[in-house]
Amino acid sequence: MSRGSLFFHADFRRLWAGDTASQFGVFVGTTAVPLLAAVTLAATPFEMGLLTAAETLAFLLIGLPAGVWVDRMRRRQVMLTADFTRAALLLSVPVAWWAGVLTLAQLLVVVLFVGIATVFFDIAYQSYLPSLVGREHLLEGNAKLQAVQSTAQIAGPGAAGVLVQLVTAANTVLVTGFGFLTSALCLLRIRTPEPTPEHDGHARLLPQIAEGLRFVFSDKPLRAIVGTTATANFFGGAFMAVQVLFLTRTVGLPPVAVGVLMAFGGAGGILGALCSGAVTRRLGQSRAIWLVPLVTVPGHLLIPLAAPDWRLGLAGFGLVAGGFGIIVYNVAQVSYRQAICPDRLLGRMNASVRFVVWGTLPLGGLLGGGLGEGLGLRGAMWVAVAGEAASVLWVVCSPLRKMRDLPTEAKSGSAAA
């Protein structure tokens, strides 16, 4: 292993360890919270749609100004504050359950404010990595962090299913809270000095927001990437709103089996993270962004075929294929975004992208809840996965299809050429 590898970068290892704890908590919560709502609180499909919407509504509410604020602050401090906030909010859920006062309304409020903290953490996190490891290590760093995310996606749902079966869903939410606390403790140990933010303290908010949006939407490859991710997340929000109800009520799986099946997507993600560097070198970064998801994401069309027999295998294969393609795509496109953006604009660039691509999730969640009521759970799943498969058309029909590699150096000026 080369001494230039990030394995030998002490502070990256601390970030990596913290991310491992945080991601494990996230994916335990991704399974435990919907199970808590569906099984313990007897939520309807529409209420599950509201829950999915509340989780990501913050990206629409504060996504754009958050980017400006992150660019004005030290990003590690933003991440620490977000981690401690999320831990406190989530730990309130089992406390309320123990007191016998937990309601769906409290759960909606908790996930809404956890989402607000997540907005700040995610924008700061993607903006912090280039200053921590250098732009030349972005592909390696993002691949390692995506590998962690995919590992957690396997272990988290499976562990959540077992824990929900053993100790109830409310108590399982404790794991998510402790994951964020562990992440904060790891971030506290990072010693690499962070550059002082470059900003004009008297600059107005709206012009700074506009500068970030101009950077994103004046770059044709980045514009196509945003279109694909936003569309995939819109239908992914619909998918998330009904998947637990579909697996528990239509397919008839117990919580343990739900966790195991949902972990298949993480297995594909781990494979994608491990192979992303080789795939990108072999195909080129541009083809990794459009060709890989074109071939793999339609595997999700197998998921609505799930039934309590051999057809569960088809659904599992679809989750593996989709997970592989999504992670290869994410490593390539996030590395491209970080590489071409000047440091002073990183927060606003990431916020602009996330405002659009994550802002579609709550809308998709509401769509999924409505479709679940109107078409039934299996019908809603078909609409969701068909939309996910079609989302890749943005990048397929863009200039990316005629390119092999993309620029890897930061552009000058306030907007992309």
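This is a predicted model: local features need pLDDT of at least 70, side-chain atom pairs count only at pLDDT 80 or more; totals for chains, interfaces and linings use all residues.
The protein chain falls into two parts, with domain 1 covering residues 11-190 and domain 2 covering residues 205-409. Between the C-alpha centres of domain 1 and domain 2 the distance is 18 Å. The contact between the domains involves 52 residues of domain 1 and 56 residues of domain 2.

The interface can also be described by area. The size of an interface is often given as the accessible area lost when the parts come together. For domain 1 and domain 2, the area buried between them is about 4700 Å², and carbon and sulfur atoms account for 68% of it. Polar links are present as well: 5 residue pairs are in polar contact between domain 1 and domain 2, counting pairs with both residues at pLDDT 80 or more. On the side of domain 1 that touches domain 2, at least two residues each are supplied by helix H1 (10-40), helix H2 (45-71), helix H4 (104-133) and helix H5 (138-167). Helix H2 gives the largest share of that side, with 19 residues.

Salt bridges come next. Across the whole structure, 5 salt bridges are found, and the interface of domain 1 and domain 2 is crossed by 1 salt bridge. Asp-122 and Arg-354 form a salt bridge in which the closest N and O atoms are 2.8 Å apart. This pair joins distant parts of the chain, since Arg-354 belongs to helix H12 (residues 346-375) and Asp-122 to helix H4, with 232 residues separating them. Arg-354 has a relative accessible area of 10% and is therefore buried, the cut-off being under 20%. Asp-122, with a relative accessible area of 13%, is buried as well.

A second salt bridge lies within one helix. Here the side chains of Asp-83 and Arg-86 meet, with 2.8 Å from N to O. Asp-83 and Arg-86 are separated by about one helical turn, because they stand 3 residues apart in helix H3 (residues 75-98). Asp-83 counts as buried at 0% relative accessibility, and Arg-86 also counts as buried, at 3%.

Another of the salt bridges brings together the side chains of Arg-311 and Asp-309, at 2.7 Å from N to O. In this pair, Arg-311 is partly exposed, with a relative accessible area of 32%. Asp-309 is likewise partly exposed, and its relative accessible area is 32%.

Ser-276 sits in helix H9, which spans residues 255-283. With a relative accessible area of 1%, Ser-276 falls under the 20% cut-off and so is buried. Leaving aside residues up to four places away in sequence, Ser-276 touches Ala-143, Val-328 and Val-331.

Key:
Residues are numbered from 1 along each chain as its sequence is written. Side-chain values use heavy atoms; hydrogens and water are left out. Helices (H or I, at least four residues) and strands (E, at least two) are DSSP runs, numbered from the N terminus. Buried means under 20% relative accessible area, exposed over 50%, partly exposed in between (1.4 Å probe, protein chains only). Contact means heavy atoms within 4.5 Å. Domain bounds come from an automatic or database domain assignment. Buried area is the accessible area (1.4 Å probe) that two parts lose on being put together, summed over both. A salt bridge is a side-chain nitrogen of Lys or Arg within 4 Å of a carboxyl oxygen of Asp or Glu. A polar contact is a pair of N or O atoms within 3.5 Å; within protein, one must be able to donate a hydrogen and the other to accept it, and residues adjacent in sequence count only if both atoms are side-chain atoms.
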